[in-house]
Amino acid sequence: MIVEMRRGATQNEINDVVERAKSLKLDVQLNLGTDKTVVAILGSNTGQLSTDIFAVLPGVESVTRIMKPYKLASREFKSKDTVVSVNDVEIGGKRIVVMAGPCAIESEEQLTEIARVIKESGALVLRGGAFKPRSSPFSFQGLKKTGLELLARANEQFGLPVITEIVDPGDVNLVSRYTNILQVGSRNMQNFTLLTNLGKTRRPVVLKRGFSCTVTEWMTAADYLLAEGNSQVILCERGIRAFEDSTRFSLDISSIPVIKKFSHLPIIVDPSHAAGHYSLVPALAKAAIAAGADGLLIEVHPNPKEALVDGLQSLTPSDFGRLMKELKSIATSIGRDI
Ligand code: PEP
Ligand code: MN
């Protein structure tokens, strides 16, 4: 249930709403907007309650039920776009944020070389996998803690915020110590223990869409992060499994305007894992920006032929540089910067 307070409602009036909810054993989340406050009343039995319980309280403008399963990620709870700040990089603002780097961190030389070239081309965030959730237990699983240390060193050397995937709910402190943004991979989108633990931090989280999940399930997963008080949530469309098999996954371009319509959260797109082939990545990246994505997550490798993971879908530094130039005119044409 969403309780919208009147413009200028007093703190006491807001407190009364919160107290009434608590007396009914319901949870509460506040969206303290600049001109008015919205109180989300959460709990499994709100459906049975009359909206009048809150509508009669002084200072209340309106009470509405959110019919969708997700609440805190919805525009009903927060109508203004969320902007996630990572140092001086803003995700969800006017500037499109490109995050780029290797699928897996392989060595200091590899990561340093990639950081240098992606920065030169205009990327604002360095990506690199240290814990790799591979389909086979016999595939390279990542450099783990050593990979995190290399990321932190690259962050210091190049001044680019860094993002990496976290797979173990017990690793939140470890991964947070070395990185700026924590990535929840597609296979873990519904790992609710991981989401709850990440929700307790105040670290920005990129929540990738589960490749078999609907937009509604994705936003409901985002609610797990938001419900714990972490508002720094960025969604990432990375392709879903459909009947089409000419690409690795099917990039759901529609999810971008759908998310923009129903949610206040920023959305970025990973064209690399959707495409599965380097030759298809630029077209998907351009389509994502044209459709309104707030950023991109792209795999780049200095020598894709030798990459330990996902070489086939990785761009070379020169392909990446060319793509960044091409994206500029698309960004400009829709009133955004890159
Ligand atoms: C990745 O970004 O390296 C990755 C494994 O992506 P996804 O979780 O989307 O498969
Ligand atoms: Mn990858």
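**Exercise 1.** Work out which residues of β3 point one way and which the other, and whether they are buried or exposed.

*Solution.* Thr37, Val39 and Ile41 point one way from β3, while Val38, Ala40 and Leu42 point the other way, and all are buried. Buried means under 20% relative accessible area, exposed over 50%, and partly exposed in between (1.4 Å probe, protein chains only). Strands (E, at least two residues) and helices (H or I, at least four) are DSSP runs, numbered from the N terminus. Next, take the strand as a whole: 6 of the 6 residues of β3 (residues 37-42) are buried, so the strand is largely enclosed by the rest of the structure.

The model is predicted: local features need pLDDT of at least 70, side-chain atom pairs count only at pLDDT 80 or more, and totals for chains, interfaces and linings use all residues. Residues are numbered from 1 along each chain as its sequence is written, chains are lettered from A and ligands numbered from 1 in the order in which they are written, and side-chain values use heavy atoms, with hydrogens and water left out.

**Exercise 2.** Find the strands that pair with β3.

*Solution.* Two strands pair if DSSP finds at least two bridges between them. Strand β1 (residues 2-5) runs antiparallel to β3 and is joined to it by 3 bridges; here Ile2 stands opposite Ala40. Strand β2 (residues 27-32) pairs with β3 over 6 bridges, also in the antiparallel sense. Leu32 has Thr37 as its bridge partner in β3. With 4 residues between them, β2 and β3 form a hairpin.
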